[in-house]
Amino acid sequence: MASSFTLTSLNPCLSFRSISNGEINSTKKIMIKMSMITPSSKDGTRSKAMKFKGTQMREKKLTEMIEQKVVEANQVCGEDETSDECKVAWDEVEEISQAKADLRLKLEKLQQDPLESFCQENPETDECRIYED
Amino acid sequence: MAVSTVYTVQSLNSTCSISKPTKTHLGFNQKQLVFFKKTTTTTTRRPTTVITCSAGDTVVIGLAADSGCGKSTFMRRLTSVFGGAAEPPKGGNPDSNTLISDTTTVICLDDYHSLDRTGRKEKGVTALDPRANNFDLMYEQVKAIKSGVPVEKPIYNHVTGLIDPPELIKPPKIFVIEGLHPMYDARVRELLDFSIYLDISNEVKFAWKIQRDMAERGHSLESIKASIEARKPDFDAYIDPQKQYADAVIEVLPTQLIPDDNEGKVLRVRLIMKEGVKYFNPVYLFDEGSTISWIPCGRKLTCSYPGIKFSYGPETYFGHEVSVLEMDGQFDRLDELIYVESHLSNLSSKFYGEVTQQMLKHADFPGSNNGTGFFQTIVGLKIRDLFEQIVASKTGAPLEATKA
């Protein structure tokens, strides 16, 4: 479910020169298919952008935490669905799920390893070892 | 030692802060007045008082959203309108939530959590609960940034759930505070030059979270549903009421074009714009203040199923007069986008097709083919317009010099 674009003109500025002349018809020549983006990899661990060990560790940790916290939440809420503990447990699940999704977004869509700039300054740390598949 | 000339800035009362800094780092790009008081008695030593005033350029925008922080597509679209890509601060904490571009700094309000994850668990409060947040610190620091004073802002680490050592935030031209509670505290609300609330309906939220989480081991349809349900009471009590204060609300609902659609792919998006907000002129369709219903697809424009439907009109929202621009459906082709853009007014675009161009720049972002991306982009242009108007009004104010 990857996105696909067909752009006859790679430079969007060029295409707009004709538009600014009021010629809507000429834009029909430029066809773009914009599709809703869904993550392309199911496990999310393999990505060209993942460069550093630290990022791989973070991703692994978040994945494990999601699993673990869902189990916890189900346990806690099994006892009392209306309790504060139940609310907090699911809130934690939400927080970690969002953190994982943010990391995935960075790696897949922005093609950036979040540790990039940190590792430029601190290349000798354990986190900044180059991640090998 | 004495300073012989004293300059009074007209906006002294509102934008300057008087501080007795213990650290000597005071940001650059500011006009600083340093008063050295000659002590008349030798027994008491008065600390030097520093009045730091910027030209008061920093415009503060509040964005209420429940979709994580600082990495959201709305933020990226917004920073893109101002030019330049927003990136995390270089060389700092890699888990920082802050985004910085040439003109804009976006901070995540989770950084003002007073309780870390363990603390919240102990107290039995969710992150949505005001008791988990330090509004006093939020207010102080936003106020400082607005008046041109850099701050050391804490960092909430979403991976570890701990509060990390602070990072330095220097006052930018545009300061965006994004998170769950930008408009919760009345004092912070007063500091906002513009505020936006992203109101996602329950059905759409569910569909989006399924898309987000279904690939994760550990998650299932039930766990996603349970998570939303469990957070709902706190959300309704503390977050939702903020929308009455917002200058613009982007409401995302399921489409009305496809009966029984529950996939959340085709969306109906409403841009609710408050009337009478300084420097903000709502976007309109054809004739301001009237009620319009518009289907652009027809002879000049062919659209694929389910098409596009627009409406515009005045309404009341929580007792305020608002104008609502609504789009249902999705864009399939570039020429649909440009056609629609050419029929809207008060977009605050700088050239014909700017909205379309911005959408194209981020065609891979979610929402690029429907009202969410479209209206987010338009709001971005509106904020730019607001910023330019504010700056223009401030540079118009003359400085009065008086001799001490």
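Student: In which helix of chain A is the place of Ile96(A)?

Tutor: This is a predicted model, in which local features need pLDDT of at least 70 and side-chain atom pairs count only at pLDDT 80 or more, while totals for chains, interfaces and linings use all residues. Residues are numbered from 1 along each chain as its sequence is written, chains are lettered from A and ligands numbered from 1 in the order in which they are written, and side-chain values use heavy atoms, with hydrogens and water left out. Helices (H or I, at least four residues) and strands (E, at least two) are DSSP runs, numbered from the N terminus. On that numbering, the place of Ile96(A) is in helix α3.

Student: Why does Ile96(A) count as buried?

Tutor: A residue is called buried under 20% relative accessible area, exposed over 50%, and partly exposed in between, with a 1.4 Å probe and protein chains only. Ile96(A) counts as buried because its relative accessibility is 0%.

Student: Which residues of chain B are in contact with Ile96(A), leaving aside its neighbours within four places in sequence?

Tutor: Contact means heavy atoms within 4.5 Å. Within chain A, Ile96(A) is in contact with Leu62(A), Met65(A), Ile66(A) and Lys69(A). From chain B, the residues in contact with Ile96(A) are Arg117(B) and His158(B).

Student: How many residues of chain A are in contact with chain B, and how many of chain B with chain A?

Tutor: Put together, chain A and chain B bury about 5400 Å² between them, with 59% of it on carbon and sulfur atoms; buried area is the accessible area (1.4 Å probe) that two parts lose on being put together, summed over both. Counted by residues in contact, the numbers are 54 of chain A and 58 of chain B.

Student: How many salt bridges are there between chain A and chain B?

Tutor: A salt bridge is a side-chain nitrogen of Lys or Arg within 4 Å of a carboxyl oxygen of Asp or Glu. The side chains of Lys121(B) and Glu92(A) meet in such a bridge, at 3.6 Å from N to O. Between chain A and chain B, the count of salt bridges is 12.

Student: Which element gives the largest share of the side of chain A that touches chain B?

Tutor: The elements that give two or more residues to this side are α1 (12-20), α2 (53-79), α3 (84-108) and α4 (116-121) of chain A. The largest share, 19 residues, comes from α3(A).

Student: How do the residues of that side of chain A divide into nonpolar, polar and charged?

Tutor: Here Ala, Val, Leu, Ile, Met, Phe, Trp, Tyr, Cys and Pro count as nonpolar, Asp, Glu, Lys and Arg as charged, and the others, Gly among them, as polar. For the side of chain A that touches chain B, the division is 26 nonpolar, eight polar and 20 charged.

Student: How many helices and strands does chain B have?

Tutor: Chain A, with 133 residues of which 44% count as buried, has four helices and zero strands. In chain B, 56% of the 404 residues count as buried. The elements of chain B are 10 helices and 19 strands.

Student: With which side chain does the side chain of Asp66(B) make a polar contact?

Tutor: Asp66(B) is placed in the loop between β5 (59-64) and α2 (73-81) of chain B, and it counts as buried because its relative accessibility is 16%. A polar contact is a pair of N or O atoms within 3.5 Å; within protein, one must be able to donate a hydrogen and the other to accept it, and residues adjacent in sequence count only if both atoms are side-chain atoms. At 3.1 Å, the partner of the Asp66(B) side chain is Arg231(B).

Student: Which two residues of chain B does a cis peptide bond join?

Tutor: Most residues other than glycine have a negative phi, and most peptide bonds are trans. Phe318(B), in the loop between β16 and β17 (320-329) of chain B, has a positive phi near 50°. With omega about 0°, the cis bond joins Tyr305(B) and Pro306(B).
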